[in-house]
Amino acid sequence: MIDALKLRPWAVLRHVVLLCGALVVLTPFIWMISTASKPPAEIYTSDVHLIPHHFALWENLQEAFAKSNLGRFLLNGLIVTVSIFVLQVLVALPAAYALAKLRFVGRKTLFALVLFGILIPPQATAIPVFLLLHQIGALDSYAALVLPFTISVFGIFLMRQFFKTVPDDLIDAARMDGISEFGIVWRVMLPTAIPAVTAFGIFSVVAHWNDYFWPLIVLNSEQLRTPPLAVAHFRNAEAGTNYGPLMAAALVIITPLVIAFLLAQRRFIEGITMTGLK
Amino acid sequence: MSDAASTLGTVPLARPAPVVTSRRSPRLGHVAAYGLVGPAFVLMLLMLLGPLLGVIALSFTDYQLGAPSLGWIGLANYQEMFADRVFWISLTNTLTYVVIVVPGAVALGLGVALLIQSGAGLRGFYRMVYFLPVMATLIAMAIVWEFMLHPQFGLVNGLLRSVGLPAHGWLQDSNTALLSLCVIGIWQALGFNMVLFLAGLVSIPKSLYDAAEIDGAGSAWSRFRLVTWPLLGPVTVFVVVITGIRSFQVFDTVHVLTKGGPSKSTEVLIHTMYMEGFEFFRSGYAAALTVVFLVFVLALTLVKARLAARQVHA
């Protein structure tokens with residue numbers, strides 16, 4: 001009884017502080033939805049009101065889709081992020097298995113290179129990779145967006161750590177059944193590694209859906225634009241005169257990942273934690 | 001032919017298996033292993049290690065994209081860079097950004113994590129809300145922030161006016177533009193740090209708190225000082241370094257909102273590198289800027305490795 005009384009002010013204070021902070025964090029999202037729902041007359045006014053008097057979200061969305069090929073850009077985002085992730089797994093999983101479970105000359109060196117690779121920030125290699133793509137004439141294509149990211153040393157590292165915990169007996173049993181090493185990777189290791197692959201997938205998709213730097217560098221064609229590039233171009237085209245449709249476009253761009261996040265929130269945050277802490 | 005016992009997975013009968021495999025696996029394993037690591041190794045050389053050496057080598061040349069030839073010019077790019085006022089402004093701005101965003105995003109991330117973990121109610125809800133900015137495409141949200149900071153129609157100035165304060169062109173004033181970008185940076189990064197701190201907090205055994213309480217550490221503050229803070233040390237180091245490295249990479253908000261202006265007040269290293277390398281195609285000079293950026297990021301990583309090693313030895 002006394003305990004409950006002593007705890008209550010603290011519990012109230014905790015919620016007050018956290019809710020105030022949450023409000024500040026959410027303000028841009030709330031303001032985005034609010035502005036995307038307002039007609040121009042209500043946007044270009046200095047009086048602050050949250051709920052639009054005339055609800056214009058539908059008109060703003062229509063205008064956003066009419067003025068810019070948003071559907072196409074979302075599809076580009078999907079193509080690029082899925083291709084990157086699938087190729088990353090195809091390349092990283094066999095390497096991770098070999099590094100974790102097979103003995104071969106050069107294994108230690110290779111693993112050291114993987115660890116070193118994790119330290120290299122993506123901007124550091126941008127100029128030579130750009131020149132390479134320029135040399136082979138691959139700039140301004142899906143390949144330019146995907147190829148540089150097919151290798152994920154972080155993915156190799158993460159999966160290798162996970163494979164270390166898989167008992168050798170399981171692999172020996174598979175060999176006794178006559179499954180090749182390649183078969184073991186996909187038929188034995190992949191099914192056990194689903195949690196690690198999922199965590200890595202979250203990491204990969206978030207990073208590449210939201211990436212702005214690399215598409216900005218390698219793309220020229222409008223029809224290849226990824227979502228972040230599309231919304232940046234939309235803004236330049238409208239030059240701050242048309243905030244309703246611009247906010248509607250921003251809303252469309254962030255929606256796929258936000259919905260995915262809300263649906264799989266727990267797994268998502270665990271995934272980030274797992275990949276973030278080395 | 002195939003051994004029925006191992007298909008059934010019975011342990012005693014499967015026992016001879018390792019002897020057989022270990023006798024033939026060394027040779028067979030070699031070929032298979034190189035087949036498995038081969039693609040990853042080639043791509044690593046092509047997309048990561050080669051380009052890393054390439055950027056260092058390029059920084060000693062006068063290469064410009066489209067130029068017919070390139071010449072070895074030694075340290076000339078670096079001399080030009082160090083003599084350039086814009087480089088020093090850019091470096092100072094980057095460091096200022098890091099020095100503001102790191103403590104802000106780390107302290108707030110820790111604070112929020114402690115508050116969430118200290119009670120039972122609404123934990124999932126708070127985690128979700130504070131993490132939302134990490135997910136949301138930064139470019140899209142930067143445009144929202146730009147509108148919130150709009151001199152006439154923005155929410156921030158609207159609120160200021162409603163309490164009788166003058167409106168301000170936050171991104172148009174060279175005194176406040178960088179600071180505004182820092183606020184956006186902290187807003188975006190704090191949720192990620194919160195999740196890392198939450199993971200650290202969960203891993204602290206509850207028995208340590210009980211022990212501390214028996215030893216007379218009754219108040220929340222002394223529990224934090226004696227148990228939470230020391231045990232959170234390695235996580236904190238990690239979070240500080242990660243936030244530092246990410247802050248050094250700041251580009252998106254700068255490129256879309258200010259282009260380095262007004263009057264270079266938000267010019268940062270990666271933005272300068274982008275302009276030189278991909279707008280003016282001065283690859284050699286941009287490579288030199290990249291090397292400077294790389295030195296800072298690797299130095300931060302080394303600090304982390306040093307501190308982590310000390311934690312292990314202690």
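Predicted model: local features only at pLDDT ≥ 70, side-chain atom pairs only at ≥ 80, totals over all residues.
Reader: Which residues touch the most other members of the largest nonpolar core?

Author: A:Phe163 and B:Phe131 do. That core has 193 residues. Helix H9 of chain B, residues 177–202, gives the most to it, with 15 residues.

Reader: How do I read the size of an interface?

Author: The size is often given as the accessible area lost when the parts come together. Here, chains A and B bury about 8600 Å² between them. Of that area, 79% is on carbon and sulfur atoms. By contacts, 95 residues of chain A meet 95 residues of chain B.

Reader: Which residues of chain A lose the most area to chain B?

Author: A:Arg14, A:Ile127 and A:Met176. Together they make up 8% of what that side buries.

Reader: And how do I read a pair of packed helices?

Author: Two numbers describe the pair: the angle between the axes and the distance between them. Take H5 (residues 85–118) and H12 (residues 233–248) of chain B. They pack at an angle of about 145°, with their axes 9 Å apart. The crossing of H5(B) and H12(B) is right-handed. On H5(B), the contact residues include B:Val98, B:Val101 and B:Val102. On H12(B), B:Val239, B:Val240 and B:Gly244 are among them.

Reader: What classes of residue make up the contact of H5(B) with H12(B)?

Author: There are 10 nonpolar, 4 polar and no charged residues.

Reader: Is A:Leu99 buried or exposed?

Author: A:Leu99 counts as buried because its relative accessible area is 2%, and the cut-off for buried is under 20%. A:Leu99 lies in helix H4 of chain A, residues 70–101. Beyond its neighbours within four places in sequence, its contacts include A:Phe104, A:Leu110, A:Ile156 and A:Arg160.

Reader: Where should I look for backbone details?

Author: Start in the loop between H13 and H14 of chain B, where B:Pro262 sits. The peptide bond from B:Gly261 to B:Pro262 is cis, with omega near -10°. B:Ser263 is also in the loop between H13 and H14. B:Ser263 has a positive phi of about 40°, though it is not a glycine. At 64% relative accessibility, B:Ser263 is exposed.

Reader: What is phi of B:Phe281?

Author: Near 55°, a positive value in a residue other than glycine. B:Phe281 is in the loop between H14 and H15 of chain B. B:Phe281 is partly exposed, at 31% relative accessible area.

Technical notes
Residues numbered from 1 in each chain as written. Chains lettered and ligands numbered in written order. Heavy atoms only, no water. Axes fitted to C-alpha atoms, helices over the stretch in contact; angles between N-to-C directions. Helix = DSSP H or I, 4+ residues; strand = E, 2+ residues; numbered from the N terminus. Left-handed = near helix turned anticlockwise from the far one by under 90°. Contact = heavy atoms within 4.5 Å. Nonpolar A, V, L, I, M, F, W, Y, C, P; charged D, E, K, R; others polar. Core = buried A, V, L, I, M, F, W, Y, C linked by side-chain atoms within 4.5 Å. Buried < 20%, exposed > 50% of the residue type's maximum accessible area, 1.4 Å probe, protein only. Buried area = accessible area lost by both parts, 1.4 Å probe.
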